[in-house]
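Me: I have a structure open on my screen and would like to talk it through with you. Could you take my questions one at a time and show me how you reach each answer?

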Amino acid sequence: MLKQGEAAWRAGNLTAALLHYERAIYLAPGAAEAYLHAGNLQYGFGRYKQALALLETGLGLPCDETERAYGLRVRALTLLQLRRKREALGTAQEAVAIAPESEENHIVLSTVLRALGRFKPAEAALAQAQRLAPDSASVWEGYAQLHKAQRHFKQAQVFADRALRCAPETPELMLLKGQIAFRLNDIATARDMALWALSRNATDLDALGLLAMVRSWQSWFTRPFWWFSTLPNRLHKGAFMFTMLALGSAVAVVQLFLPAWLLQDMPAESTLNQAVMDGAVGYMLLCAAHVGWLIWRDRRQVKLKNY
């Protein structure tokens, strides 16, 4: 069953691979390898709680150092998705301690450190991975993600291009290039990367998200909604709070200096607030419908163009 699962995985049939590993667990409950591979597949499917349960069961069984480091690596990434970042850091550090010669362990450690905002240690972990595997696309992808997290988009673009030279037409790297291009206002490249990914996988949520951002930015009708909804991501936390405080203060000042006769003709505050909320919700629904229509039209055109 383990060999059949591995063969299905290599063939790209992940659902069949998971079934084979689950069958292996049923036939041999003490086989740690089956639990670890099944956990990795569940992680790939986005079922993080199921993945964590399988990984912890597998790590509790006897296994060699290579398998244990592999399981710890996936467990660290799973904990990261579950927002248990401190536990993820300890797990990644344990994987590095067990197998310091594996560049994958250092890359995972860098990923966790980046999520914690510890950029210098994350870069040091990537430097160690680079020494172990100088031609690894995953290393250059890590550098691109690190610079993207620090808003150094031009440097991130250089590293993303380098990763693509090592692993051309990799969907994750193509999407990363599109996301960085969007930040650099290269809207055409961002749209092409999203459509290329959708031509390979029509249900890719990351590609759909990128295309939605592109279309929201391109349309004059939805750009105000895009600008406000993405403001926290485009500004540092302090700058965002300052912007919100400034907007609130401006509204208060305007209300303070409105003429008394105008205030008398205005509806009650509760009625006005409700009207504003209803208008905002209606506008957001129209924006969603408009962007959805644009994405549907783009997805139809994917078949007509070779991305």
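Me: Is Asn 185 buried, partly exposed or exposed?
Reply: This is a predicted model, so the answer rests on computed values. Asn 185 sits in the loop between α11 and α12. Its relative accessible area is 56%, and the cut-off for exposed is over 50%. Asn 185 therefore counts as exposed.

Me: What is the phi of Asn 185 near?
Reply: Asn 185 is a residue other than glycine, and its phi has a positive value. That phi is near 65°.

Me: Which loop holds Arg 151, and is this residue buried, partly exposed or exposed?
Reply: Arg 151 also has a positive phi, near 65°, in a residue other than glycine. Its place is in the loop between α9 (137-149) and α10. With 29% relative accessibility, Arg 151 counts as partly exposed.

Me: How many residues apart in sequence are Gln 155 and Tyr 143?
Reply: Gln 155 belongs to helix α10, residues 153-166. At 37% relative accessibility, Gln 155 is partly exposed. From C-alpha to C-alpha, Gln 155 and Tyr 143 are 8.8 Å apart in space, and their separation in sequence is twelve residues.

Me: Which residues of α13 meet α11?
Reply: The crossing of these two helices, α11 and α13, is left-handed. By class, their contact divides into seven nonpolar, two polar and one charged residues. On the α11 side are Leu 175, Gly 178, Gln 179 and Phe 182, and they meet, in α13, Asp 206, Ala 207, Leu 210, Met 213, Val 214 and Trp 217.

Me: Which two residues have the most contacts inside the largest nonpolar core?
Reply: That core has 49 residues. Helix α12 (residues 187-200) gives the largest share of it, eight residues. Leaving out residues up to four places away in sequence, Leu 210 touches Leu 175, Gly 178, Gln 179, Phe 182, Ala 190 and Ala 194. The two residues with the most contacts inside the core are Leu 109 and Leu 210.

Me: How are α6 and α7 oriented, roughly parallel or antiparallel?
Reply: Helix α6 (residues 85-98) and helix α7 (residues 103-115) have axes that come within 9 Å and cross at roughly 160°. Angles over 145 degrees count as roughly antiparallel. So α6 and α7 are roughly antiparallel.

Me: How many nonpolar residues are in the contact of α6 with α7?
Reply: The crossing of α6 and α7 is left-handed. Among the residues making the contact are Ala 88, Leu 89 and Ala 92 of α6, and Val 108, Leu 109 and Val 112 of α7. By class, the contact of α6 with α7 has one charged residue, three polar ones and, for nonpolar, ten.

Me: Is Thr 91 buried or exposed?
Reply: Thr 91 lies in helix α6. Setting aside neighbours within four places in sequence, its contacts are Leu 72, Arg 75, Ala 76 and Leu 79. With a relative accessible area of 4%, Thr 91 is buried.

Me: What about α2 and α3: are they roughly parallel or antiparallel?
Reply: α2 and helix α3 (residues 32-44) pack with their axes 9 Å apart, at an angle of about 150°. Their crossing is left-handed. Ala 24 of α2 and Ala 34 of α3 are among the residues that make the contact. Because of their angle, α2 and α3 are roughly antiparallel.

Me: How far apart in space are Ala 24 and Ala 34?
Reply: Ala 24 lies in helix α2, residues 14-27, and at 6% relative accessibility it counts as buried. A second, separate core of 13 residues includes Ala 24, along with Ala 17, Ala 31 and Leu 41. In sequence, Ala 24 and Ala 34 are ten residues apart; in space, C-alpha to C-alpha, the distance is 6.3 Å.

Me: To finish, what percentage of the chain's residues count as buried?
Reply: The chain has 18 helices and zero strands. Its length is 307 residues, and the share that counts as buried is 36%.

Notes: Residues are numbered from 1 along each chain as its sequence is written. This is a predicted model: local features need pLDDT of at least 70, side-chain atom pairs count only at pLDDT 80 or more; totals for chains, interfaces and linings use all residues. Side-chain values use heavy atoms; hydrogens and water are left out. Axes are lines fitted to C-alpha atoms, for helices over the stretch in contact, and angles run from 0 to 180 degrees between N-to-C directions. Helices (H or I, at least four residues) and strands (E, at least two) are DSSP runs, numbered from the N terminus. Angles under 35 degrees count as roughly parallel, over 145 as roughly antiparallel, 65 to 115 as roughly perpendicular and the rest as oblique. A crossing is left-handed if the near helix is turned anticlockwise from the far one by less than a right angle, and right-handed if clockwise. Contact means heavy atoms within 4.5 Å. Ala, Val, Leu, Ile, Met, Phe, Trp, Tyr, Cys and Pro count as nonpolar, Asp, Glu, Lys and Arg as charged, and the others, Gly among them, as polar. Buried means under 20% relative accessible area, exposed over 50%, partly exposed in between (1.4 Å probe, protein chains only). A nonpolar core is a set of buried Ala, Val, Leu, Ile, Met, Phe, Trp, Tyr and Cys residues joined through side-chain atoms within 4.5 Å.
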